[in-house]
Amino acid sequence: MISLKPGSIFLISAIFRVGLILYGEWQDAHMEVRYTDVDYLVFSDAASLMASGQSPYKRTTYRYSPLLAFLLIPNSFIAGSWGKFLFSASDLFVGLFIRIILKQRKVPDHICTYSMLIWLFNPFTFTIGTRGNCEPIVCAVILWIIICLINGNVVQAACWYGLIVHFRIYPIIYALPIVLFLDPRFFQSGVKPLLCDWTSDQGKIRQINSQVTNQFDAWIAFKSIFTRSRILFGLISGSVFLLCTGFFFQLYGWEFLHEALLYHLTRTDPRHNFSIYFYHIYLNYERDLSVLEKLISFLPQFIVQLVLVFCFAKDLVFCFFVQTVAFVAFNKVITAQYFVWFFCLLPLILPWTNMKFKWQGLCCILLWMGAQTHWLLWGYMLEFKGKNVFLQLWMASLLFLAANTFILILLIRHHNYAPVFRQHTGLKTKQKKCE
Amino acid sequence: MSTRKCCRLCLNQKLVILWMFFSGAIVSSSEVETNRPSDSRNSDDWKYILRSYFDRYENLHDSSFEHFMAHELSSSLCQVTPENRNRGVRLSVRELSLVGEGSHRQLSLSIGLQTGAESIPELPSHVCEVIIIQRLPLGVFADPFELQSLQKRMGFRNMAVFGDTNLELPSFRSNRSAVEVHIDAGSDILFMQNRGMEINIQLPLHARYQPLDESGYSIIEIGEPDMLMRCSMEGKQHKQSCLFMSPDDNAKSRISTVEWKIPAGKNAHAGFVSVVTFITASLSTVSIVYASMFWSGTQNMKQP
């Protein structure tokens, strides 16, 4: 069992990240293959354009909110690696927030530590921030929103939610589960909601089919959708989103709207990526796809999202996790940076899983990495060896979807569904019931 | 005083002349040497030949570009009198090859610069630069930001891409582009006889996604670059001639191209791929929906 103190873990993580950033600077200066993500150069260029009073969208392929360029303005006058330090700091905050969330739900210390380590020492996550990718900021804000919600702080959660949806579109998928989550039975005016704590009986709890109960809960939720906290959340988050969007539209016009928002909503990239749709899009790119074809390709995503939300909304963190995995898996474009969207939520659901690391957990990891590696091999043959392996690469993407689906189903199967809140009761009892 | 007024007029003349490329006088003065912020944007515009081309034409086509080089630039060229055939410099392509594999390769160019058998001592002191224009075919592009760092690494005077610089579009949705490179050829080169210089450039290029092809590949050809030399005369206030260098006289019959074979999708796959993609997506959807509805447990077991 690991007996490291959280402070030590954070210190080691921070030192490690600083070291990686410094190494990255050295590699960029001395080797042909750069350590820094090409996106970081795009952010930096956009930031220096903004610093000189110009539109960040003069930088081609800058498709983010001007907020990101604003955050990186110090790149121009403090140090070029300012942004990397900012992203890595966000990375550390994600680790901190993981601990806060789990401690609030009375998860034992050693499990909290393992969960933090899964994030802080995951090779994928520590390289992503140190290479200059901005996703850790999004992850940190999502987790902070969860903290706000579990503390009953709806207003703050709404503000951050509106901001993060403006920053990165994908968290919009969390809107419906949050609204369902703001159940009036738990969110009462002036009263902090009661959390359902983790118990050591998790592993022994048999999951039962509560399809009827869930459907009933969902129906009640739907009928009572217009509650104070829900309306408040919707209004505040919507206002913050519109305020930010309106402000930047005033500054940068249609170019901002198109590059930062509309592009992401309509993006279909024919170039190879992990998505099963890439080859279909490429083969049909010369002719425009019909509305029906576009609708059909959107249908799986829509159905899966809806079902996951109505089945798991009460267990908000798990709902976020499965939604994100499915969203990424069914998206028309999948790049490796999207994986961090659910990596930050994985440590939060593991304390509630029946799946043992040996050997089911390990097999899932190997299956996921194996499917990815298989795709990467064909991708390498296409891109770096110039072989026509489009069909094989597409089949590899089908396998990757199959692997993601299988692992998702296993995680659902082995998850101990645990609503975050319990109802306030008039009776004082030591036995905590989370029904 | 009258000299100063004259300098100012010559400066304005120089801006006009340099804008027209190689036409008439390039008069230098201390004012010209300093970079005035208000001039910097204009100076960026005129130094590139391709800027002038794209100001006139919307897209890059071989026929219009060759017409531009032969006719629209000729009025800007300095006169080369028959007796000067043995003078000046000659630029030739010594090597043109494609290095690397896959979608990211380097176009290796080796350019030879040779001064004539006779020097031209009557010219004033001058500084020259070789201008190389590499027209890229549809299906291939150069990353402007990559070229920026290449310029810094290699110490080229200037380097830029013109035309369609969108990095993401497939070739059937994009237009052609061209790269212009300016390399310092040194000072007073026209005073030297039979002096040779070799310029080596490795231009990083990237393949776009190609139109569908039954063979599964698309073959694109990259031809030789166009080359010129521009000289800036210093010190005099009267009109001086610049030299326009064309490829070797005996190169007219030698048209060198390199071929790049790029993978392309096959039309025959279209129906099958679409059907299987949607079936797979549907199967995954059904599996997840079933699992969610069957295993979304809620109550904990009540312990005895």
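**Close-up views of a two-chain predicted model**

**View 1. A network of salt bridges links Arg63(A), Glu259(A), Asp269(A), Arg271(A) and Glu168(B).** A salt bridge here is a side-chain nitrogen of Lys or Arg within 4 Å of a carboxyl oxygen of Asp or Glu. This is a predicted model, in which local features need pLDDT of at least 70 and side-chain atom pairs pLDDT 80 or more, while totals for chains, interfaces and linings use all residues; side-chain values use heavy atoms, without hydrogens and water. Residues are numbered from 1 along each chain as its sequence is written, with chains lettered from A and ligands numbered from 1 in the order in which they are written.

**View 2. Arg271(A) and Glu168(B) meet in a salt bridge, 3.9 Å from N to O.** Arg271(A) sits in the loop between helix H12 (228–266) and helix H13 (278–283) of chain A, and Glu168(B) in the loop between strand S5 (158–163) and strand S6 (177–187) of chain B, so the pair joins two chains. Helices (H or I, at least four residues) and strands (E, at least two) are DSSP runs, numbered from the N terminus.

**View 3. In chain B, Asp62(B) and Arg176(B) form a salt bridge of 3.0 Å, N to O.** Asp62(B) belongs to helix H5 (residues 62–72) of chain B and Arg176(B) to the loop between S5 and S6 of chain B, so the pair ties together parts 114 residues apart in sequence. Is Arg176(B) buried or partly exposed? Arg176(B) is buried, at 17% relative accessible area, whereas Asp62(B) is partly exposed at 35%. Buried means under 20% relative accessible area, exposed over 50%, and partly exposed in between (1.4 Å probe, protein chains only).

**View 4. Helices H18 and H19 of chain A cross at roughly 165°.** Here H18 (residues 357–385) and H19 (residues 390–413) have axes that come within 9 Å. That makes H18(A) roughly antiparallel to H19(A), a word used for angles over 145 degrees. Axes are lines fitted to C-alpha atoms, for helices over the stretch in contact, and angles run from 0 to 180 degrees between N-to-C directions.

**View 5. A nonpolar surface patch of about 560 Å² includes Ile303(A) and Phe310(A).** Patches are made of residues with over 30% relative accessible area and no salt bridge; like charges are joined within 9 Å, nonpolar side chains (Val, Leu, Ile, Met, Phe, Trp, Tyr) within 5 Å. Accessible areas come from the Shrake-Rupley method with a 1.4 Å probe; for residues, only the protein chains shown count as cover. Helix H14 (residues 291–312) of chain A gives the largest share, six residues.

Key. Parallel < 35°, antiparallel > 145°, perpendicular 65-115°, else oblique.
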